Amino acid sequence: MQNYDKEAEAQAFEEFQRELEARFKAEGTPSNFMKNIVALSAINFRLAKAVYDLKSNTKFDVFAGKTNLDINIINTELKEPIYTESPAAHTNAMLEKFKDEYALYPSLFFFGLGNGNFYTKLLQNQTHEKIIVFEPEIEIIFIVFNLCDFVSSMTDRFAIDLFT
C-alpha cells in the first residue's frame, strides 16, 4: 500500500485544475463532459482525473434512438447491451416505480449508471437529498458524462464513485 502524500496530492490537484482551465478557454462553450469533470474534481479529484484521461471509450459503443431517452450502451467484448428492451421504456418504468415507492426517501443508493437518463430525471425530485451511484466501469462514466449534465446536482446531491 502506498503512503498518502498530502502535498503531492494538492500539487496534482492544482495541475489538473490548470489543465481544465486551459481546456475550458480553448473550447469556448464547455461540453457536458468538461462541466461534469470540473464538478466531479471538486469532490473526487482522482476519479475525475481518471475519467478525463480516458479520452475515448474502447469497451463500449453508444447507440442513439429516436429520442434522448432512447440511448443504449453496448459492451463490445460481451456483445451485450445494457438495456435488453427499449432504454426509454426502461427509464420511464423505473421513474414510475420510484415515484410510487421511493418518492419521499431522502437518500438513494444505486449500482450502475446506465445511460444516465434515469438519474437526470430522478434528480428533479428535490426530496432526494443525496443520490449515490457506484459504477464498476470507468468507461460508462466517461460515456454518461458526455451525454448528461449533472453539474447543478453533483456537488451537493449527486455523487458517482468507481466501484472496483
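This is a predicted model: local features need pLDDT of at least 70, side-chain atom pairs count only at pLDDT 80 or more; totals for chains, interfaces and linings use all residues.
1. Three strands make up an open sheet, in the order β1-β2-β3, and their pairing is antiparallel. β1 (60-64) and β3 stand at the edges and have a single partner strand each, so one side of each is left without a neighbour in the sheet. As background, the strands of a sheet pair through backbone hydrogen bonds, and the pairing can be parallel or antiparallel.

2. The pairing of β1 with β2. These strands are antiparallel and pair over five bridges. Together β1 and β2 form a hairpin, with six residues between them. For a place to look in the structure, take Asp 61, which stands opposite Ile 74 in β2.

3. The pairing of β2 with β3. Strand β2 covers residues 71-75, and its antiparallel pairing with β3 runs over two bridges. Here Asn 75 stands opposite Glu 80 in β3. When tracing side chains, keep in mind that in a regular strand they alternate between the two faces of the sheet.

4. Helix α6 and the sheet. α6 lies across β1 and β2. Its direction is at about 30° to that of β1.

5. Helix α6 and helix α2. Helix α6 (residues 138-147) also meets helix α2 (residues 32-43): their axes come within 6 Å and cross at roughly 115°. The crossing is right-handed. Which residues make the contact? From α2 they are Asn 32, Phe 33, Asn 36, Ile 37 and Leu 40, and from α6 they are Phe 142, Phe 145, Asn 146 and Leu 147. Sorted by class, the contact of α2 with α6 has six nonpolar and three polar residues, with no charged ones.

6. The largest pocket: size and centre. Its volume is about 420 Å³. How many residues line the largest pocket? There are 23, and those nearest its centre are Ile 82, Gly 112, Leu 113, Gly 114 and Glu 135. On the general idea, rolling a probe the size of a water molecule over the atoms shows where empty space is left.

7. The largest pocket: elements and classes. By class, the lining has 13 nonpolar, six polar and four charged residues. Charged residues are present in this lining, whereas the contact of α2 with α6 has none.

Terms used
Residues are numbered from 1 along each chain as its sequence is written. Side-chain values use heavy atoms; hydrogens and water are left out. Axes are lines fitted to C-alpha atoms, for helices over the stretch in contact, and angles run from 0 to 180 degrees between N-to-C directions. Helices (H or I, at least four residues) and strands (E, at least two) are DSSP runs, numbered from the N terminus. A crossing is left-handed if the near helix is turned anticlockwise from the far one by less than a right angle, and right-handed if clockwise. Contact means heavy atoms within 4.5 Å. Ala, Val, Leu, Ile, Met, Phe, Trp, Tyr, Cys and Pro count as nonpolar, Asp, Glu, Lys and Arg as charged, and the others, Gly among them, as polar. On a 1 Å grid over the protein atoms alone, a cavity is a set of points where a 1.4 Å probe fits but cannot get out, and a pocket is an open set with protein on both sides within 12 Å along at least five of seven lines; lining residues have an atom within 4 Å of a point. Grid points are joined across faces, edges and corners, and a volume is the space filled by probe spheres set on the points. Two strands pair if DSSP finds at least two bridges between them.
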